[in-house]
Amino acid sequence: MLKEKKEFYKVCFDTMQVGILVCNEQKEIVLENNPLNSIFGYQNNELHGLNAADILRDIALLNNFIQHPKNQKYKTSLESVGIKRDGEEFPIELTFGKLEYENQFYYKALISDISERKEKEKKITTLNYQLEEEVKNRNNELEKVVEQLKKSLNKEIELNHLKTKFIALASHEFKTPLSAILSSTELIVKYTELGKYHKRDTHVAKVKSMIHHLNGMLDDFLTLENIESGNIKPCYTPLNLNKLIKEITKFTKPSLKKGQVLIFENQIDEEIYQDPKLLKIILTNLLYNAIKYSDEESEIHVKISQNKNNIYFSVKDYGIGIPEAEQNLIFNRFFRAKNVLYYPGTGIGLNIVKGYVTSLKGTISFVSKENKGTSFKIQLPKITIQ
Ligand code: ADP
C-alpha cells in the first residue's frame, strides 16, 4: 500500500506542468521531476547530485532566498536564466519555497521555460517600437504638411490683404494723373484752335508721361506677384548704357519739376550684358523718386561706373531725404515715410527695385539725410556670356 502510494505520488510529481527542483542547504539537487529534466535537457537521474548553480545562472537569487526566505520578493514568481545541459541559456520563471523534512531544511524551486513567451514579448516590443516609429514618421509628415498649409494660407491671406491695399492705393493714385490727362487734353484742343502748337506739344508730352506713369503703376502691381513667387528670371542681352540713358531721359524728362536738371555721368563705353528691361525699371523707379522727393531748381545726378567685377549705378538727389528712424523700413512693401504724406505714391517701387536687384544677384544701399537728400547705390555683378 505504501509502495503504491509512493508510486502514485511520483506519477503526480512527474506529470506536473512545471519543473520541480529540491535542493539541500548546500544547493545539491536531491529531488527533481521529469519536466525539470526535459526543460534543462537532462536524462532521468542525471541532475541528481548536481549543484543548483549548474542549471541556474543567477545562483545568488537562490542564495538570497536561503538566507531570507521571508523576503517579500519571493512571494511572487521571478524571471531568471536557466542553463541547459549543452550550455545553452534560456529564460525561466521560478518560484522558491522552503520545506522541512526530518529536521532538515530543503529548498524547492518551481521552474517554467518561458522562451516562447519571451520570444512573443520581444516580437511585440519590436512591433510596438516599429509602430511608434511609424506613428512618429507619420506625425512628422503631418506636421510638415500642416506647416506648409499654414504657410500657403498665410501667404494667401497676405496676398489678399496686399491686393486690397493696392487697389485702395491705386484708385487714389490713379485719380490725379487721370484728371491731369483730362485737363491736358482739353488744353490740347484749345491750343490747337489757337495755333499755339508749342504749348499743345507740351501737353501732349504730359499726357504721354501720365499714361506711362499709370501704365507703370499697373506693371508694378503685376510685378508684385512675380517677385513674391520668385518668378523673375533675368534675360541677359548685350546692352549699350548710353542708349539706355537716352531712353530713360526721354521717359522721365516730362516729370521734371521747374528748373530740375538731370545730370548723367557714364563711365562705361563698351556694351555690357544685362537685362535691359529690369535695369530700366530699377533706374526709372529711383529717378522718379529723386524727382518726386526733391524741389524745383535742384540737381539729380545719375552716375554709372565700374571696376573689375561690378557695375555701379548711383542716383543722388538733394531733396527731402528719408527720416533716420524709418530708413530700415523703406524697402518694405507699401511703406511710405512720414515726410511724404503730401507726395503721391504707393510704396511699391522700392520693394520692386529691391526684388529686381536681388534677382540680378546685386545689392542696393542708400545714404540719406532729412532735408539734405538721398543717394541710392546699386551694385550689379558683371555678366560674361561664353
Ligand atoms: P512711393 O510710391 O511712396 O514713392 P517707393 O517704394 O518708391 O514708394 O518708396 C518708398 C518710400 O521711400 C517713399 O514713400 C519715401 O518715403 C521713401 N523714398 C524713396 N526714395 C526717396 C527719395 N529719393 N527721397 C526721399 N524719400 C524717398
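Me: How far apart are the C-alpha centres of domain 1 and domain 2?
Reply: They lie 83 Å apart. Keep in mind that this is a predicted model.

Me: Where do the domains run in the protein chain?
Reply: Domain 1 covers 2–113, domain 2 covers 116–229 and domain 3 covers 232–381.

Me: OK, ligand next. Which residues come nearest to the ligand?
Reply: Tyr293, Ala337, Gly345, Gly349 and Leu350. The ligand has 21 residues around it.

Me: What's the make-up of that shell, by class?
Reply: The shell around the ligand has 10 nonpolar, nine polar and two charged residues.

Me: Which helices each supply at least two residues of the shell?
Reply: Helix 7, residues 276–292, and helix 8, residues 349–359.

Me: And which helix gives the most?
Reply: Helix 8, with three residues in the shell around the ligand.

Me: How do helix 7 and helix 8 sit against each other? What's the angle?
Reply: Their axes cross at roughly 145° and come within 9 Å. The crossing of helix 7 and helix 8 is left-handed.

Me: Which residues meet there?
Reply: From helix 7, Leu278, Ile281, Ile282, Asn285, Leu286 and Asn289. From helix 8, Gly349, Ile352, Val353, Tyr356 and Val357. The contact of helix 7 with helix 8 splits into eight nonpolar, three polar and no charged residues.

Me: Now helix 6 against helix 7. What's the angle there?
Reply: About 45°, with the axes of helix 6 (residues 241–252) and helix 7 10 Å apart. That angle makes helix 6 oblique to helix 7.

Me: Left-handed or right-handed crossing?
Reply: Helix 6 and helix 7 cross in a right-handed way.

Me: Which residues does helix 6 bring, and what do they meet in helix 7?
Reply: Helix 6 brings Leu244, Glu247, Ile248, Phe251 and Thr252. They meet Pro276, Leu279, Lys280, Leu283, Thr284, Leu287, Tyr288 and Ile291 in helix 7. By class, the contact of helix 6 with helix 7 has nine nonpolar, two polar and two charged residues.

Me: Last pair, helix 4 and helix 5. How do their axes cross?
Reply: At roughly 165°, coming within 8 Å. Helix 4 spans residues 115–194 and helix 5 spans residues 197–228. The two are therefore roughly antiparallel to each other.

Me: Which hand is that crossing, left or right?
Reply: Helix 4 passes helix 5 left-handed. Their contact holds 17 nonpolar, five polar and four charged residues.

Conventions:
Residues numbered from 1 in each chain as written. Predicted model: local features only at pLDDT ≥ 70, side-chain atom pairs only at ≥ 80, totals over all residues. Domains from an automatic or database assignment. Near = placed C-beta within 6 Å. Helix = DSSP H or I, 4+ residues; strand = E, 2+ residues; numbered from the N terminus. Nonpolar A, V, L, I, M, F, W, Y, C, P; charged D, E, K, R; others polar. Axes fitted to C-alpha atoms, helices over the stretch in contact; angles between N-to-C directions. Parallel < 35°, antiparallel > 145°, perpendicular 65-115°, else oblique. Left-handed = near helix turned anticlockwise from the far one by under 90°. Contact = placed C-beta atoms within 7 Å.
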